[in-house]
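Please read the following report on the structure shown here.

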Amino acid sequence: MSALVWLIPALPLAGFVALVVGGRRLGDPWAGWLATAAVGGSFLVVLGVFADLVGRGAEARSIHQELFTWIPAGSFQASMGLLADPLSITMCLFVTGVGSLIHLYAIGYMHGDEKFSKFFTYLNLFIFSMLMLVLGDNLLLTFLGWEGVGACSYFLISFWHTDPANASAGKKAFVTNRVGDWGFMVATFLVWTSVGSIGYLDIANAAHHGEIAAVTATAIAVLFFVAATGKSAQLPLFVWLPDAMAGPTPVSALIHAATMVTSGVYLLVRLNPILHAAGWANDLIAWVGVATALVAATVAVTQNDIKKVLAYSTVSQLGYLFLAVGTGNYVAAIFHMVTHAFFKALLFLGSGSVILGMAHEQDMRRYGNLRKYMPITAGTFIIGWLAIAGVPPFSGFWSKDEILAGAYAHNKVMLALGLITALLTAFYMSRQVFMTFFGPERWREADAVATGDGDHADAHDSAHDSAHDDHAHHLTPDHTPSESPWVMTLPLVVLGALAIVGGALNLPFTDSTKVLEHWLEPVVGVHELGVEGATLVALAAIAVVLGLVGIGLAGAVYLARRIPASTVERPEFGWGLWIDRGYAAFMGGPGRALFDAISRFDKAVIDGAVDGVANAVGAAGAVLRRTQTGRVRNSAIGLATGAVAVLVYFVVRMSF
Amino acid sequence: MFATLLQATGAGDKLVTPEVPWSHLAPQLILVVGATVGVIAAAALRGRLRRSVGAVGAAVVAGAAIVSIIPLWHRVSNPAQGPISAVNGAIGVDRFSLFVTALLCAAVILASFTAEAYLQREGLDGPEFSLLLLLAAAGGSVMAGANDLIVMFIGIEVLSLAVYVLAAMHARRISSQESGLKYFLLGGFASAFLLYGIALTYGATGTTSLLRVQSFLAERVLTDDGLLLGGLALMLVGFAFKVGAVPFHMWTPDVYQGAPSPVTGFMAAAVKTAAFAGMLRVFVVGFASYADLWRPVVGALAIASLVVGAVMSVVQTNVKRMLAYSSIAHAGFVLLGVDAASAEGTAASLFYLAAYTAMALGTFAVVTVVGGSGDGAHTLDAYRGLGRRRPGLALAMSLFLLAQAGTPVTIGFLAKLGVIRAAIDADQWALAIVAMLTAVISTFMYLRIVVAMYFAESESESDDRGELRIPWGVGVTIGVAVIATLVLGVVPGPLEHLSDDALPVLVAVDGR
Amino acid sequence: MSPNAYVLLGAVLFGIGAAGLLIRRSPLVMFMCIELMLNAVNVTFVAFSKMLNDVGGQVVVFFVLVVAAAEVVVGLGIIVAVMRRRSGISADDLSLMKG
């Protein structure tokens, strides 16, 4: 199988090409089936390569396949090569696995859309780019995939771009990510100058031999982290992700929950040899991660849009991943990345099913009691909820616990913040579940939203609340929700099963149950958590208790209605949104003004200086005319001034 | 050259004319003769020719010139024969001049196809346009090969005069004529500086032959010779004007905006290429021993060009002006390679120029189409929603812009990489860092156009601009440019080998 | 008069031409200033030729004259074309494009 690594990205690429050529002729639903088959085929190849790797010894678990040399000459060499090792194959497994499930789901979700085949064209291109990002054997190839997934993400966010809100959301994602790209490019350059290569194997080699100075390593790590904050929506660049929910729900599940947004984490884990030498950069990563987790979790409490809650929840969970990376707990980061891909994709797809069942209404204040009408969706959604809330034995419990244990070993404040986030997570997810699947059927009340107790929250998200799918809302009081077709519920069931058992990947009981840890050892090395037996159990117990408290609190507020919702949905919780608004103000105001000022400087000062020289020259008679200096003469004066300047320079050089 | 020539005849018996090895000057001769014959034919057959004949004719002539380069390239690559210095040492035939000539001919072919469509749409008379392109290429080719400063001057003038006329070509558009007049007045001004610089150099060294200037300077270093330094400074000014480097750039945005769009593309691609070729030849080779003196100035020009080009492009609302400022920034990048004053820097500059030729001609071909009838729709608004109206065109434009921004797997990335690498190898860290930072600022501007095409919707639902037609000529140009931008971005080896080999040399070999 | 004085004369003429181009507003006069600058260079070439006892500098003058003549043809053509549309135009009016 090892010779077939190239097939992994080639299949989605072939699917993409086929859809470009004949997608429209295939139409709905065959274009979707073709795309699903391409990704599914790719998944089978990944499975084959995975089996091949498992069959080898730990040291030999790395397939490096060079397709051709890309930039041959000179001191800068880069190849088009693929690197299949435990890390990249783990990523490929869930990218193609979850990806094909979401493709399948989208066949049902996008049914009847006029741009059906185009949607799957983009999806296949996205999978291809994501696989290049993961499988590339050097930074440049990863950057290529990085840009590719970004481009697909913008296209898909603004897929229904007749709606101006969607177009503007795509734009926001576009601009925010440019900041991150800058970090990536400069960091790649630094790597090249210090290592002399941009291949991952060379980088790892150089780092192990201590050839990268600590200062350089820190700079590289910080710059790559800047790149990661853009792509993976961390503070302060997270603002685009909630807006990205304007895209179709399968896109939110695939790109903005399971795969693309985790690529920043992948990048940092891939570069762990550099991080080892990077000193305080690790602390920075951990602190930003845990702060993002907390801020996003508080914002999620105040959201009423079902997808917005999940979006902020994603930002928050990504914060956990960076906390794990920053504390050197790479296995936990990958572990939680995988389980998160399962349960968050499940939750998003579930929310899509709900949205479809509720005539494209996304406001949770108009939901209620849906478990009666959509039993499969409700059942799987509840599994996802328990997983993310950290209730044992669901997958999220195991992976989150490892991150918290790592934080405990590192810094107690980080642990405390992580635990508070866990409590909040349980609370807002329970709130969502209770508002959606339990309680009264609120859409039957004529003025549900107006009489609701969440009015104050509108103040925060009125500007951002336009992220509804681009279909007319026809949620009438006599609406009867119905369960979605099998192509949509089947992925839900599969993902639900995975969300339950995903924790088995890395059980902490004995050394032999830590499957993932041993699997990833060749790439990330051995990491001793430094937390043993009793402490670990105590930590787990605290986390579980906090999770249950969160659920209980939400139950008291939204189920039993003992506490009015307004006491918990505090406006102050919307603090994360201030950042967003701050950017808008800056880009509209000072940022634009800065560029204008520089341009004015060029026009006023430089041209002014030029005019000044002109006056000196024209003192003989042109003094009166200077006010009418025209452009041609202005340029000529600039030319002459420049000539004088160059002459003066030479004269000065000559006389010293 | 003239000195020896005439001194040899000093006895006055009979005038010895230098033997001209015609076959070695085949590319230039083909271009000049082709243009001359074309002018006569166009005058004789006025009105009886189809408009596209001009474009096709120019393409055929330029293609023939490229074909004639191939045997010459093999000849000068042959170590037994080596480069030639024809016409008594006035024109060098080396791989450098042949590379640049081929590049210029390629630019002529692409620009004349774009121009064909443009003339058709604007209802302008045809063949002169393409013939002037040929003349300009001939001038540029002479510049690339000039081994004598006076020959260099003549080359510049032939090139410039043709381009002045091209810029003013659209007889019904005031802005086109204004642009031509501005370019002419300022270009003449700059030429005078250049010529005065040549005169001062002649006064200091007693010769205008680059080869003899080089050997003269190698023998004695005249750092305190005011004449030579003045000459050096003024020549630098002349070249800096032609390449559009800050602070000699002020004509660029006005002229680029006003000139017919196909001409703007040609100016960005070919005129810049020829001017840099001359600059590399005179400074990197001829004045190599004075590199310590002129390098800081070139470095300063590079930084100024990079910064001003990038910053000013961001605040523009007219796409042609944006691209004009971006061309200034590109000139800054090429100056990085000039500043390195090394074989590597020269090769990187040539590679950059080749890359920019493809990207600029493609970009301005799209601009020509979007400009619409009257060539006036160049505001950012004209690009809004292009992704929906003409997806193919928008995709090509995005590719060109991203390539100019330096995105990997496009040729633009490798071009930037090359010059930055050359700067670093020459220990010019400050330059390299400025280049990378300004590249980010420029990226913002390119993305503004891309965002306008894809994400911004035109205000009015009904597209009153009507359907944009893509004539076959423009289609050919865009297609070729797309292929060059992408294929050479993935497989740059062949072009890199050519540009690595194409180093300017000064030899006395007559090579008959 | 020594050849040095002619070099100086050339420099002064060149300066006058350059200053004239910067000061005058009529495109035609500006153009004449360019011609003046070119001819100042010619004077310089001849003076150097005399100083160096090298006939090459004088040959150059002929080339420059030819180039200047070609410039006249093109320049006048463009100026006339502009004038025909906007009579009495000054170079300062040519500012459709700026910024």
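## A helix crossing and its surroundings

H17(A) passes H22(A) in a right-handed crossing; a crossing is right-handed if the near helix is turned clockwise from the far one by less than a right angle, and left-handed if anticlockwise. The model is predicted: local features need pLDDT of at least 70 and side-chain atom pairs count only at pLDDT 80 or more, while totals for chains, interfaces and linings use all residues. Residues are numbered from 1 along each chain as its sequence is written, and chains are lettered from A and ligands numbered from 1 in the order in which they are written.

Helix H17 of chain A covers residues 412-437 and helix H22 of chain A covers residues 533-559; their axes come within 7 Å and cross at roughly 35°. Axes are lines fitted to C-alpha atoms, for helices over the stretch in contact, with angles from 0 to 180 degrees between N-to-C directions. Helices (H or I, at least four residues) and strands (E, at least two) are DSSP runs, numbered from the N terminus. Among the residues making the contact are Leu423(A), Phe427(A) and Arg431(A) of H17(A), and Leu546(A), Gly550(A) and Ala554(A) of H22(A). Two residues are in contact if their C-beta atoms, placed from the backbone, lie within 7 Å. By class, this contact of H17(A) with H22(A) has 17 nonpolar, four polar and one charged residues. Ala, Val, Leu, Ile, Met, Phe, Trp, Tyr, Cys and Pro count as nonpolar, Asp, Glu, Lys and Arg as charged, and the others, Gly among them, as polar.

## Cores and a helix of chain B

The largest nonpolar core has 257 residues, and Leu134(B) and Leu336(B) have the most contacts inside it. A nonpolar core is a set of buried Ala, Val, Leu, Ile, Met, Phe, Trp, Tyr and Cys residues joined through C-beta atoms within 7 Å. A residue is buried if 20 or more other C-beta atoms lie within 10 Å of its own, exposed if 12 or fewer, and partly exposed in between, with C-beta atoms placed from the backbone. Another core, of 216 residues, lies apart from the largest one and includes Leu141(A), Phe322(A), Ile383(A) and Ala554(A).

Leaving aside neighbours within four places in sequence, the contacts of Leu134(B) include Leu31(B), Gly34(B) and Ala35(B). Leu31(B), Gly34(B) and Ala35(B) are among the buried residues of H2(B). The buried residues of H2(B) pack against helix H3 (52-77), helix H5 (95-122) and helix H6 (127-145) of chain B.

Chain B has 21 helices and two strands. Of its 512 residues, 69% are buried.

## Chain C and its contact with chain B

Chain C has three helices and zero strands, and buried residues make up 38% of its 99 residues. The contact between the two chains takes 36 residues from chain C and 35 residues from chain B. H1, helix H2 (27-52) and helix H3 (56-85) of chain C each supply at least two residues of the side that touches chain B. H3(C) gives the largest share of that side, 16 residues. By class, the side of chain C has 27 nonpolar, five polar and four charged residues.

Leu9(C) sits in helix H1 (residues 3-23) of chain C. Leu9(C) counts as partly exposed because it has 15 C-beta neighbours inside 10 Å.

## Backbone details in the loops

Most residues other than glycine have a negative phi, and most peptide bonds are trans.

Pro393(A) lies in the loop between helix H15 (375-389) and helix H16 (395-410) of chain A. Pro247(B) is in the loop between helix H10 (226-243) and helix H11 (251-258) of chain B. Asn369(A) counts as partly exposed because it has 17 C-beta neighbours inside 10 Å, whereas Asp375(B), with 24, counts as buried.
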